Amino acid sequence: MLTYIFVIAITAEAMSGALAAGRRNMDLFGVALIAFITALGGGTVRDMLLGNYPVTWTQHPFYIYITIGAGLFTIIIAKYMRKLNRIFLLVDAMGLVAFTIIGCNVAMKLDYTLPVVVMAGIITGIFGGILRDIMCNRTPLVLRHELYASVSFIVANFYLLLIYFEVDENLTLVLPFIVGLSLRMAALKWKWSLPVFTYSPDRWDN
């Protein structure tokens, strides 16, 4: 099940990358590149940090075709994206949860300690979006909008807690999905976010 959701997730993230590239008036190559980085950047950074070689997508060329294809397809359907916005947000939330769990699994298979496993899950979940926003010259959305990175943190810890208590394997996958999706969609609906830190030198000098 996780594999199918992963494919859906990288497709959704690739489309979000393509839309971000479109807002910056990039050419077709730029759209394809940003789509690819958004979808697979988190896993790439995770594998490099954990020393998990070869990097996952290099062993699955199909992922490259999916992400670039989804990015270019977004150009065609861009004018309809606003109508599909709710579905897109739901799929994006699924991607966040799926990437987080996959990242945790990779780190656990490599016998890393618990804090590293959690960070691996978070990095996999959010880093593609961070790279997308950096390349599009804007402050990463995952760090300043409704709960996003914190959802990944909660999902990672809940997933590991279920594994610790040896909960049924299917429930171990389903329950974090329910919690993660519910929390993310609720944050979008009610604008939940963490407290914002604002620093102004002039303010503190007075």
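This is a predicted model: local features need pLDDT of at least 70, side-chain atom pairs count only at pLDDT 80 or more; totals for chains, interfaces and linings use all residues.
## Transmembrane regions

The unreviewed UniProt entry lists residues 62-80, 87-108, 114-135 and 147-165 under "transmembrane region".

Two of these spans can be described from the model. For residues 147-165, the figures are 84% helix and 0% strand, with 27 Å between the end C-alpha atoms.

## The pair α2 and α4

Helix α2 covers residues 28-50 and helix α4 covers residues 85-109. Their axes come within 11 Å of each other and cross at roughly 20 degrees. Angles under 35 degrees count as roughly parallel, so α2 and α4 are roughly parallel to each other. The crossing of the two helices is right-handed.

On the α2 side, the contact is formed by Ala 39, Arg 46, Asp 47 and Leu 50. On the α4 side, Phe 99, Ile 102, Gly 103, Val 106 and Ala 107 take part. By type, the residues of this contact comprise 6 nonpolar, 1 polar and 2 charged.

## Arg 184

Arg 184 belongs to helix α7, which runs over residues 169-190. Arg 184 counts as buried because its relative accessibility is 8%, and the cut-off for buried is under 20%.

Leaving aside residues up to four places away in sequence, Arg 184 touches Ala 93, Glu 146, Leu 147, Tyr 148 and Val 151.

Key
Residues are numbered from 1 along each chain as its sequence is written. Side-chain values use heavy atoms; hydrogens and water are left out. UniProt positions are given in the numbering used here, feature names are shortened, and annotations may be inferred rather than shown by experiment. Helices (H or I, at least four residues) and strands (E, at least two) are DSSP runs, numbered from the N terminus. Axes are lines fitted to C-alpha atoms, for helices over the stretch in contact, and angles run from 0 to 180 degrees between N-to-C directions. Angles under 35 degrees count as roughly parallel, over 145 as roughly antiparallel, 65 to 115 as roughly perpendicular and the rest as oblique. A crossing is left-handed if the near helix is turned anticlockwise from the far one by less than a right angle, and right-handed if clockwise. Contact means heavy atoms within 4.5 Å. Ala, Val, Leu, Ile, Met, Phe, Trp, Tyr, Cys and Pro count as nonpolar, Asp, Glu, Lys and Arg as charged, and the others, Gly among them, as polar. Buried means under 20% relative accessible area, exposed over 50%, partly exposed in between (1.4 Å probe, protein chains only).
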